[in-house]
Amino acid sequence: MEAAPLVHEQVLPAEPLYGEPLESMLDRIVALRLSILMPVRNAEAIITRVISDVLNVGYGCPMELIVVDDGSTDRTVDRLAEIDDGRLTVFRHQGSRGKGTALLTAASVATGSHLLVFDADPDYSAEDIPRILRPVLAGRCQVVYGTRLSGYHAVYPSRRYARGNRLLTLAANILFDACLSDLHTGLRLVPRAMFGQLALREPGAGLGTEMTAVMLKRGVRPFEVAVSYYGGSPSARHEITWRDAIDCVRILLWVRLGRRTGASAGRLRGQAYDSAAICPDQASLSEAC
């Protein structure tokens, strides 16, 4: 008598990924267009490497990189002019107007369906960007933050920096009943249409805090993806000063209480610049705009 097999082999129909047919996900990959926004200032030593890393990653979807030079006084503009890639667009502010204004400038000319804020910082890895895109491509969420987690591919420059970020993140979580892990991450992915509705006004580095606070107040909870962080680069600015902390708390409170800052409506839409202050092509970058 033949023994019965211990394991019955059965061929099952392929299950759809995340509840949807693979064809549907492929359609989304074609539809998603990524615009990476990168404000820079006085980054002559690192800008070529950072941009090269971003452009050499395989994204699986159309992408563009929009760099806004915020009035650099070193040779950053010359380094940018040396990069020849059709996916790169460079704009230049005539003088320094702040990181926030540079981001709003980049967002105002972006053509992608989603915007990714990527700091010109060698401490972040462009190889993490495709991982940030996956939840959106899978139809799981629309807003994704690349989160730096202690003990997970992350090196912080100091205990003070790490604790400062945790305390400010805790303040945001308490004020908005949220559960963020990293308020000041340099990797944020949002739909372009949503970004335009946030009515952002902060001209400086506080724009990232304002962006997160407004979304949290409206009930948007970013999906978090752990990313690598190499916090040992001597060329990056790491320390959170007491002035930065006070400014962060000010922004969180103003958004939570429904107040508005005094910025102009033009800056709100990311269009607070004159055409004379922008170089629309790389050939004119080396000229004084």
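Modeller: Contact means heavy atoms within 4.5 Å. Helices (H or I, at least four residues) and strands (E, at least two) are DSSP runs, numbered from the N terminus. This is a predicted model, where local features need pLDDT of at least 70, side-chain atom pairs count only at pLDDT 80 or more, and totals for chains, interfaces and linings use all residues. Residues are numbered from 1 along each chain as its sequence is written, and side-chain values use heavy atoms, leaving out hydrogens and water.

Colleague: Which strands does helix 4 lie across?

Modeller: Helix 4 (residues 99-109) lies across strands 1, 2, 3 and 4 (114-118), at about 145° to strand 2.

Colleague: And what's the strand order in the sheet?

Modeller: The open sheet has seven strands, ordered 3-2-1-4-7-5-8, with mixed pairing; a pair needs at least two DSSP bridges. Strand 3 (88-93) and strand 8 (223-226) are at the edges with a single partner strand each, so one side of each lacks a neighbour in the sheet.

Colleague: How do strand 1 and strand 2 pair, parallel or antiparallel?

Modeller: Parallel, over seven bridges. Ser35 has Glu64 as its bridge partner in strand 2.

Colleague: Switching topic: how many residues are in the largest nonpolar core?

Modeller: There are 39. Such a core is a set of buried (under 20% relative accessible area, 1.4 Å probe, protein chains only) Ala, Val, Leu, Ile, Met, Phe, Trp, Tyr and Cys residues joined through side-chain atoms within 4.5 Å. Ile51 is among the members touching the most others.

Key: Axes fitted to C-alpha atoms, helices over the stretch in contact; angles between N-to-C directions. Buried < 20%, exposed > 50% of the residue type's maximum accessible area, 1.4 Å probe, protein only.
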